[in-house]
Amino acid sequence: MSTNDTNIVPTDKLAKFELTEESLNSFRKNKNIPLDLYNKDGQILIHKKRNPSEADFGKLLKFEMQGVYFLISELRKTKPNGAESAYLEPGRTTKLFDQEKTSRFAKQSQALIEDLRKTSFSSDQAVFVQNSVNELLTDFTSNPDYELGIFNILEILGVAGVSVESELMTKRTVVAMGMKVRTKKIVNEGKEESNKKDHLSLMMASYLADVGYSRLDIKNNPKLTKEEYAVVQQHPIISYLMTLPAPEIDSHVRTLILNHHRPYRGNGVNNNFPDPRSLFTKLMSVRDKYNKEVGKERITQDIELQLHLQENNVTSSSFEEDIAILSLASEYASLTSNQPWRPAFKSSTALKMILNDSFFSYSNKNIRHLLDYVGSSLTNNENIVNFGDFVITASVDSEKRAHFDICIVLDVGRYQTRPKLQRICSINPVFQKGNKFKIADFDLHSIKIDRRKAIMDLALQAGTTRVIYIIDPELNPALHEAIYKINMAS
């Protein structure tokens, strides 16, 4: 095509199209390319068309590295307020969960919780739970848009009329399922069937992780005393013990349940990984008790296995990721549910709070699994990291020292955890040790301005730099106002 073509579109009228395998697969599934697509010079590559051929897709892929673009005006036609945002691939607006089936799942969960307050966990109940989560997984993965669609779980549970315990159990299972399935899809394409056992194990653990609460008398208060917090810490081992009478529950599922509050084995200061000795001692005590009882050989064997895993630290990277997924799903479920001491947070706020509290609890990879693979699906296609936002990054140097920088977001591509940033200044965090380490705030007196205004694109870097905090005007108004003024003056 000649560069003198009279149909060339001015580049300021174009926006970049994220040409990904997912977007191409969506075009194939829908048999439709819904937009005119251009090259970086504004020349037409392919017109919108029905029933595109593989040759059409091949033509697009030739321009993958140079970039593919579309008319901003076309995007605005689909937006009632004319706002510009990332193009939504076909399928992204699909609601993935059936209201009737999901409500029934939640109500059955509520009934199970009530039963467990009075009786032991039985084989019949184990089989019922296995069938329920299997049905949930099958429905999810059979939806052609399961990689892209919306997790409408908050919408459904908002009118389901179930208890908080059931709401938490259902949300945790659904979100953990989505993270596991999509993550496994990315790293293990084409092996979906062989992955199903792993998916179901994590879902079973997510479903049963907190059943131990049914045996605890806990105050509805966010500020627990040390004694009350110690009681709460017992629930993973109680949940584990409650599943022992049912041989249908796999030992791997029980291992996940037992360890689900141990998400991140970090190095140095950012490490909230709990001391394993306490859990080991409790398991030893339980094993000794069952050793004295006749007919408990299977149970003692499972406890012996768990003791071996604890003592020898025999865990895989996949196991560590499952623990983090389970913990992240639990946090999201809790934050988006009404509690006796506070109302539910909206989904985007909950994700920001999890990110802002992640430095001591989750690795960069763990947070990516949440935000990059299911984040926008939990917030109706809205990112929590956007152009113009102020964020704080953390990086670790060769001497294992952490450095914290405040940046402004210049661009967000396919992955919102890896935006393009411009550095504004460095800042020191204010660390706090309560029941665990956390970043309580940031010290405005420690700010050092970066006169170079260095630019870094995290999508192109393989270093340690990661976004660990969003300076949100509602979550931290004082810090946001201060950085806004500094940025305007610089």
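User: Helices (DSSP runs of H or I, at least four residues) and strands (runs of E, at least two) are numbered from the N terminus. With that in hand, in which loop is Asn381 found?

Analyst: Happy to start there! This is a predicted model, where local features need pLDDT of at least 70 and side-chain atom pairs count only at pLDDT 80 or more, while totals for chains, interfaces and linings use all residues. Residues are numbered from 1 along each chain as its sequence is written, and side-chain values use heavy atoms, leaving out hydrogens and water. Asn381 belongs to the loop between helix H16 (364–378) and E7.

User: Does Asn381 count as buried or exposed?

Analyst: Asn381 has a positive phi of about 70 degrees, although it is not a glycine. Buried means under 20% relative accessible area, exposed over 50% and partly exposed in between, using a 1.4 Å probe and protein chains only. The relative accessibility of Asn381 is 19%, so this residue counts as buried.

User: What average pLDDT does the protein chain have?

Analyst: pLDDT is the predictor's confidence in each residue, from 0 to 100. In this chain 85% of the residues score at least 70, and the average pLDDT is 83.

User: How many contacts does the model have for residues 1–5, beyond near neighbours in sequence?

Analyst: A contact here is heavy atoms within 4.5 Å. Over residues 1–5 the pLDDT is below 50, and the contacts of this stretch beyond near neighbours number 6.

User: Strands next! Which residue in E8 stands opposite Val396?

Analyst: Two strands pair if DSSP finds at least two bridges between them. Strand E7 (residues 390–396) and strand E8 (residues 402–411) have 7 bridges, in the antiparallel sense. The two form a hairpin with 5 residues between them, and in its turn Lys400 has a positive phi of about 65 degrees. Facing Val396 across the pair is Ala402.

User: How many bridges join E8 to strand E9?

Analyst: Asp405 stands opposite Ser426 in E9. Strand E9 covers residues 420–433 and runs antiparallel to E8, and the number of bridges joining the two is 6.

User: What is the relative accessibility of Lys453?

Analyst: Lys453 sits in the loop between strand E10 (437–449) and strand E11 (455–457). Its phi is positive, at about 55 degrees, although Lys453 is not a glycine. Lys453 counts as partly exposed because its relative accessibility is 35%.

User: How many aromatic pairs are there?

Analyst: Rings of Phe, Tyr and Trp (its six-membered ring) pair if their centres lie within 6.5 Å; planes under 30 degrees apart count as stacked, over 60 as edge-to-face and the rest as tilted. By that rule, the number of aromatic pairs is 12.

User: How many residues apart are Phe105 and Tyr207?

Analyst: Phe105 and Tyr207 make an edge-to-face pair, with 5.6 Å from centre to centre and 70 degrees between the planes. Phe105 lies in helix H4 (residues 99–116) and Tyr207 in helix H8 (residues 192–208), distant parts of the chain with a separation in residues of 102.

User: Why is the pair of Phe360 and Phe431 called edge-to-face?

Analyst: The ring centres of Phe360 and Phe431 are 5.4 Å apart. The pair is edge-to-face because the planes of Phe360 and Phe431 stand at 80 degrees.

User: Over the ring of which residue does the charged end of Lys433 sit?

Analyst: A charge sits over a ring if NZ of Lys or CZ of Arg is within 6 Å of the ring centre and within 35 degrees of the ring normal. Ring pairs link Phe359, Phe360, Phe404, Phe431 and Phe437 into a cluster. Lys433 has its charged end 5.5 Å from the ring centre of one of these, Phe437.

User: Which residues does Asn259 touch, not counting those up to four places away in sequence?

Analyst: Asn259 is found in the loop between helix H11 (251–258) and helix H12 (276–291). At 5% relative accessibility, Asn259 counts as buried. Beyond four places in sequence, Asn259 touches Leu279, Gln310, Phe319 and Ile323.
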